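Student: Before we look at the model, could you take me through the reasoning behind some of the labels used for its side chains and helices?
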Amino acid sequence: MLSEFDKIESSCNDDPSATYAENPGAASPETEVECQVLSELPRGRVSLFDKIDLMLEEIGKLPLDRISPLYAFVLRQFYVEGKGVREVGSLLRQQGDRKLSVSDERVRTIVQSIRRELLQDETQKRLYTKGIHVRREFVESLNQYAASSVGEVLTKGKMLTNPRLGSIAYLVNRRIVKNDTTMPWVKHDVILLNADIDKKLFNTYYHSVFYCLQREVRPMTFGEVVRRLPDQSQWTNRAAAADMGEPDEAMVRLVLSHNEVFERLDDDTYQMRFVHLNQTQKFARIIFEEKDIALSEILNQYVMRGGTGLCTCTSMVRRVYPWCVPVGKSKWIYKPDCQRMANPAEVVRLFCTERVRFRFEEVMEHLSSMGMNIKPASVRCYVMKHCRRRIDDSNDFCLTDHVPQQENSLWYAKARVSRRKRVTPWVNEVRSRMVEILRENPDHCVRQNEVLRQCMPIFRKAGISKNNFYKIPSQMEEIAVEERDGKMMLRLL
């Protein structure tokens with residue numbers, strides 16, 4: 001009667017009459033484990049890992065009376081039950097039998113020897129696996145698979161919860177990489193890495209690819225990812241300690257195949273999944289995908305796509321991603337050339353100067369023709385800086401200097417702009433402290449955030465929001481605000 005393993009094998013073989021390999025020196029069929037793996041496994045047929053799992057299950061059904069108790073115990077516990085080396089060693093020491101009480105290193109040696117014998121020619125002499133013979137074709141397939149690639153990603157499926165996954169991976173020379181402190185992004189999947197590859201090296205590849213795609217936000221081709229890896233700080237830090245050489249494309253493809261974190265758009269283009277972007281990057285991704293979108297819609301999409309908390313990063317988006325261009329205060333567009341559109345206030349000023357007398361609808365049509373979608377209330381504010389509005393018609397405007405003297409009473413008087421500079425005590429204190437901080441620095445140049453941190457006691461004492469800090473340097477003649485390597489700096493003139 002065929003076992004469950006034999007039944008599955010018979011259904012997979014093209015030759016139904018295929019039975020055990022002829023080997024006069026082998027054990028009887030009742031104590032022999034055989035398997036045949038196909039070079040290509042069509043959909044619906046048994047996978048390679050399932051075949052290995054069935055092979056180990058069949059081994060667990062054998063009496064193993066020809067093997068010493070120590071070797072048989074390690075074989076069953078590690079390969080059949082799926083326990084780790086330390087756990088097997090602990091169980092041996094709990095037996096109370098001094099013959100079975102061995103160190104973890106001894107258990108590891110036995111595990112290695114069993115693997116070597118399982119994957120060797122069946123005619124060779126055996127010490128640890130007497131009576132167990134795996135078909136030569138299957139052994140060759142396992143060895144070929146073990147050397148075929150740097151690794152693979154194991155996603156959904158019962159194999160992820162299989163207690164024998166560790167021993168299955170060990171037989172094909174793979175180590176299991178899963179969620180840990182070095183790679184917290186690997187949540188549910190398991191990465192099977194070639195055991196000959198250093199784990200720290202793989203971490204360097206993974207971190208470099210992760211932060212490269214995360215910072216870019218936009219999709220990147222495989223070639224672009226490979227070219228940019230040496231520029232990543234994670235890569236250069238590792239290269240300083242060891243000669244990294246050129247990026248290995250096979251390793252990069254292994255990392256990019258982790259669909260839990262990276263998303264493949266077409267044959268050769270990848271991007272970071274939305275959930276792994278920070279707030280500013282999510283804002284920029286939405287603008288890139290929509291090309292032309294209102295601020296309110298960005299905020300709606302941010303929430304719908306899993307964004308948490310209040311999105312307050314609008315002031316940072318333009319600085320970090322110049323291709324995100326704001327239009328007024330209510331719209332963003334995507335400009336690949338990073339060219340910012342004309343200032344809406346300046347466009348309105350020029351329109352008022354050229355037209356002199358006009359209707360409000362005309363200025364809105366002019367802005368619309370230039371691709372500027374601005375709130376009417378904001379446009380009115382821009383217009384009223386240069387024009388006066390007719391009293392009996394709120395949509396009729398005239399340039400202030402061109403209102404006829406005889407019609408002066410028909411137009412609203414333009415409000416006077418106060419020229420008095422209001423200075424409060426806390427402003428003077430902040431200015432003095434800023435100059436003092438810059439003078440103490442040898443370069444007379446300090447990062448803006450650091451100056452703000454040192455001025456925070458003044459804001460707390462006055463009960464003033466720290467946001468008032470940023471407009472003070474621009475009002476001071478002795479301080480210049482400049483950008484260096486993406487960081488805002490304050491420099492004493």
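Tutor: Let us begin with a term: a residue counts as buried when its relative accessible area is under 20%. Bear in mind that this is a predicted model. By that criterion, both Trp 185 and Phe 210 are buried.

Student: What makes the pair of Trp 185 and Phe 210 stacked?

Tutor: Rings pair if their centres lie within 6.5 Å, and planes under 30 degrees apart count as stacked. The ring centres of Trp 185 and Phe 210 are 3.9 Å apart and their planes stand at 20°, so the pair is stacked. This pair links distant parts of the chain, since Trp 185 lies in the loop between strands S2 and S3 whereas Phe 210 belongs to helix H8, 25 residues apart. Trp 185 and Phe 210 also belong to one aromatic cluster, together with Phe 202, Tyr 206, Tyr 211 and Phe 262.

Student: Why is the charged end of Arg 305 said to sit over the ring of Phe 274?

Tutor: The distance part of the rule asks for CZ of Arg within 6 Å of the ring centre, and the charged end of Arg 305 is 4.0 Å from the centre of Phe 274. Arg 115, likewise, lies over the face of Tyr 170, at 5.4 Å from the ring centre.

Student: How do helices H12 and H13 pack, and which residues make the contact?

Tutor: Their axes are 10 Å apart, at an angle of about 115°, and the crossing is right-handed. Among the residues in contact are Phe 283 and Ile 286 of H12, with Leu 295 and Tyr 302 of H13. The contact residues divide into six nonpolar, two polar and two charged.

Definitions and conventions
Residues numbered from 1 in each chain as written. Predicted model: local features only at pLDDT ≥ 70, side-chain atom pairs only at ≥ 80, totals over all residues. Heavy atoms only, no water. Axes fitted to C-alpha atoms, helices over the stretch in contact; angles between N-to-C directions. Helix = DSSP H or I, 4+ residues; strand = E, 2+ residues; numbered from the N terminus. Left-handed = near helix turned anticlockwise from the far one by under 90°. Contact = heavy atoms within 4.5 Å. Nonpolar A, V, L, I, M, F, W, Y, C, P; charged D, E, K, R; others polar. Phe/Tyr/Trp six-rings, centres within 6.5 Å; stacked < 30°, edge-to-face > 60°. Buried < 20%, exposed > 50% of the residue type's maximum accessible area, 1.4 Å probe, protein only. Lys NZ or Arg CZ within 6 Å of the ring centre and 35° of its normal.
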